[in-house]
Amino acid sequence: MALAFPPYIMALSKVQRLYDACDVVFSSPAAAPTLGEFRWLQKILGEPPRDASAYLCSYLCAFVRVRWQLTVVGFVRLSDAVEAEDVGIDDGEKPTLSPSSSSDDELSPKSGRALLPARAFTRITYVHIHQCDDFSIGVFCFPAGATLPLHDHPEMVVLSKLLYGSVRMRSYDWVAEPPPPQGAAGRKCGLARAVAADEVRRAPCEASVLFPRSGGNLHAFTAVTPCAILDVLTPPYSEEQGRPSTYFADVPIPSLPGFAFLEETDLPEDFTVAGAPYLGPELTVDMDDDDDDYDDYDE
């Protein structure tokens, strides 16, 4: 028998559905998220399933498992993939309502909202969507040739979705967690196993997930073409909570193929990340989950 849902639930934006799912899985102190729940979120970000009814059943089961949020507006069919337009970005591949407009923004053919044009990103730009103590949602937008240096995600899980374009990625996992650096001048370093070596991903593709000690927790991106990556981080970076963002240099070991020596390094002096406003659908968030004070990237 087919399952029916109220129109107001089916009318939720994709980014609202993503937020609701993250709020269900990540915001409860009752239990840590399971691998199955991470895979469920990966599907929300990824390609539409072949069997929508089977996916809908797994979706409902996931909400049932998370009993403390059983009444959340999450009984939604999340079979559609998240696209650039869903987060307020024009990827340049769809017609717009005002192609001859003098404004830097394009208009969504679906909603008429202004969109950030991909061609306007002349350096790496971060579009902040939401951040709380438990998770953050945002989009990194790259011009062709731009590189986000090798960096880690300490004790974090990251779900990523390539929204458009092509990106070259390399990633590693530590063979053994390096000991804390000694002294003020100490640097984190150690042996790492390559997970992806100059792997090129092209949109549309399946969403990826990395874990604290597997899946390529340390990674770097170079844009082959203009591209954008939607990231969900749980928990977010926090210096105060011992989760700083650390950058590394990697040195391959010829005598040990598939491995490299990683050493903490400073960012290049000319490396910057700009900030851009979120122009996608407005999010409705829990009263206890208001957006934290967010130190946006410099323009």
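Biologist: How many aromatic pairs does a search of the whole structure find?

Modeller: The search finds four aromatic pairs. Rings of Phe, Tyr and Trp (its six-membered ring) pair if their centres lie within 6.5 Å; planes under 30 degrees apart count as stacked, over 60 as edge-to-face and the rest as tilted. One of the pairs is Phe 26 with Phe 135, which is tilted, at 6.2 Å centre to centre and 50° between the planes.

Biologist: Where do Phe 26 and Phe 135 sit in the chain?

Modeller: Phe 26 is in helix α2 and Phe 135 is in the loop between β4 (125-131) and β5, so the pair links distant parts of the chain, 109 residues apart. Helices (H or I, at least four residues) and strands (E, at least two) are DSSP runs, numbered from the N terminus.

Biologist: Are Phe 26 and Phe 135 buried or exposed?

Modeller: Both Phe 26 and Phe 135 are buried. Buried means under 20% relative accessible area, exposed over 50%, and partly exposed in between, with a 1.4 Å probe and protein chains only. Phe 26 and Phe 135 also form one aromatic cluster with Tyr 19.

Biologist: Before I go on, what sort of model is this?

Modeller: It is a predicted model, where local features need pLDDT of at least 70 and side-chain atom pairs count only at pLDDT 80 or more, while totals for chains, interfaces and linings use all residues. Residues are numbered from 1 along each chain as its sequence is written, and side-chain values use heavy atoms, with hydrogens and water left out.

Biologist: Back to helix α2. How many of its residues are buried?

Modeller: In α2, 13 of its 13 residues are buried. The end C-alpha atoms of α2 (residues 14-26) are 18 Å apart, which agrees with the 18 Å that its 13 residues should span at 1.5 Å a residue. The expected span is 1.5 Å times one less than the number of residues.

Biologist: How many disulfides does the structure hold?

Modeller: The structure holds zero disulfides, a disulfide being a pair of cysteine sulfur atoms within 2.5 Å.

Biologist: New topic. Where does Ala 146 lie?

Modeller: Ala 146 lies in the loop between β5 (136-142) and β6 (147-151). Ala 146 is buried, with a relative accessible area of 15%.

Biologist: And which residues does Ala 146 touch, not counting residues up to four places away in sequence?

Modeller: Ala 146 touches Ile 124, Phe 221, Thr 222 and Ala 223 on that count; contact means heavy atoms within 4.5 Å. The C-alpha atoms of Ala 146 and Thr 222 are separated by 5.6 Å, although the two are 76 residues apart along the chain.

Biologist: What does the side chain of Thr 234 reach?

Modeller: The side chain of Thr 234 reaches the backbone oxygen of Asp 134 at 2.9 Å. Thr 234 lies in strand β12 (residues 227-234) and is buried, at 9% relative accessible area.

Biologist: Last one: how many helices and strands does the protein chain have?

Modeller: The protein chain has four helices and 15 strands. Of its 299 residues, 47% count as buried.

Key. Polar contact = N/O pair within 3.5 Å; in protein donor to acceptor, adjacent residues only side chain to side chain.
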